[in-house]
Amino acid sequence: MTSQDKSIHKLESELYGIITTFNKLYEKFQRGIVSNEFFQKTFSSLIYDFIDIKIILKLNKIDLVDIINGDYFIKEYSEMNSIIKELSQTDLTEKLITIHDEKRLKYSNLISPSLINLPGITSEITSYFITLMDAIKLDISVGDSFILGLFKNLKRELNKFPSFDYLNKKIDKLSIHLSQNIETFRENDLYREKLAIHLNNIFEEFQDVLDLQLEKK
């Protein structure tokens, strides 16, 4: 067995532990065995652990489907997926609609349906991504500090997920480049367009990590 095989086996065990724990937790919550407060805290903790594994898989170029195999494993995963969708879809959708009016929902089509399946702990990050892309593309900046402040807010939210450090570094690089070329940002449409494209690419990486769907091979 190679070192990569051992690594995959370990991740598979950790992921299976998260999934089975989550499903058992929800069952006990439904039966009134655990309190709502305990359920919410444990639910969030398990999601953080799940995201950590997704990031490790992504950085090692391993597909989730390579980890989740076997009918029973897939069944358990599908059950968790359905529960998360049921618990969080309404909350996140309403939050996004509240934050962005009709004109500024320009980037709403960038949000994949699977992203809606995750709980509200990631909704603020999504909102900041969309707000920042709107500000860049629509040129609604009201000063240097405004646009740079949006970058700072986005980085602050991502810092809540230590495993997203690699994305934060990419955002930091964009922010530094912008601060050094703020005049160009104000006057050059092409510069703003390229900045938005780079930011969107990072957003897509973020979405990819949060995607709960299994891609069939």
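A pocket, as the term is used here, is an open set of grid points with protein on both sides within 12 Å along at least five of seven lines. The model on screen is a predicted one.

**The second largest pocket.** Begin with α7 (165-180) and α9 (189-210), each of which supplies at least two residues of the lining of the second largest pocket. The space in this pocket comes to about 220 Å³. Which helix gives the most to the lining? That helix is α9, with seven residues. Next, select the lining itself: Lys170, Lys173, Leu174, His177, Tyr191, Lys194, Leu195, His198, Asn201, Ile202 and Glu205. Colouring this selection by class will show four nonpolar, three polar and four charged residues.

**Helix α2.** Now select residues 36-59, the 24 residues of helix α2. From first C-alpha to last, α2 reaches 35 Å, close to the 34 Å expected at 1.5 Å a residue. Within α2, display the side chains of the buried residues: Phe39, Thr42, Phe43, Leu46, Ile47, Phe50, Ile51, Ile53, Lys54, Ile55 and Leu57. An α-helix has 3.6 residues a turn, so residues three or four places apart point the same way.

**The whole protein.** Finally, clear the selection and show the cartoon: the protein has nine helices and zero strands. Of its 217 residues, 42% are buried. Among contacts with a separation of 6 or more, 76% join residues 24 or more positions apart.

Key. Residues numbered from 1 in each chain as written. Predicted model: local features only at pLDDT ≥ 70, side-chain atom pairs only at ≥ 80, totals over all residues. Heavy atoms only, no water. Helix = DSSP H or I, 4+ residues; strand = E, 2+ residues; numbered from the N terminus. Expected span 1.5 Å × (residues − 1). Buried < 20%, exposed > 50% of the residue type's maximum accessible area, 1.4 Å probe, protein only. 1 Å grid on protein atoms, 1.4 Å probe; cavity = no way out; pocket = protein on both sides within 12 Å on 5 of 7 lines; lining within 4 Å. Points joined across faces, edges and corners; volume = space filled by probe spheres on them. Nonpolar A, V, L, I, M, F, W, Y, C, P; charged D, E, K, R; others polar. Contact = heavy atoms within 4.5 Å.
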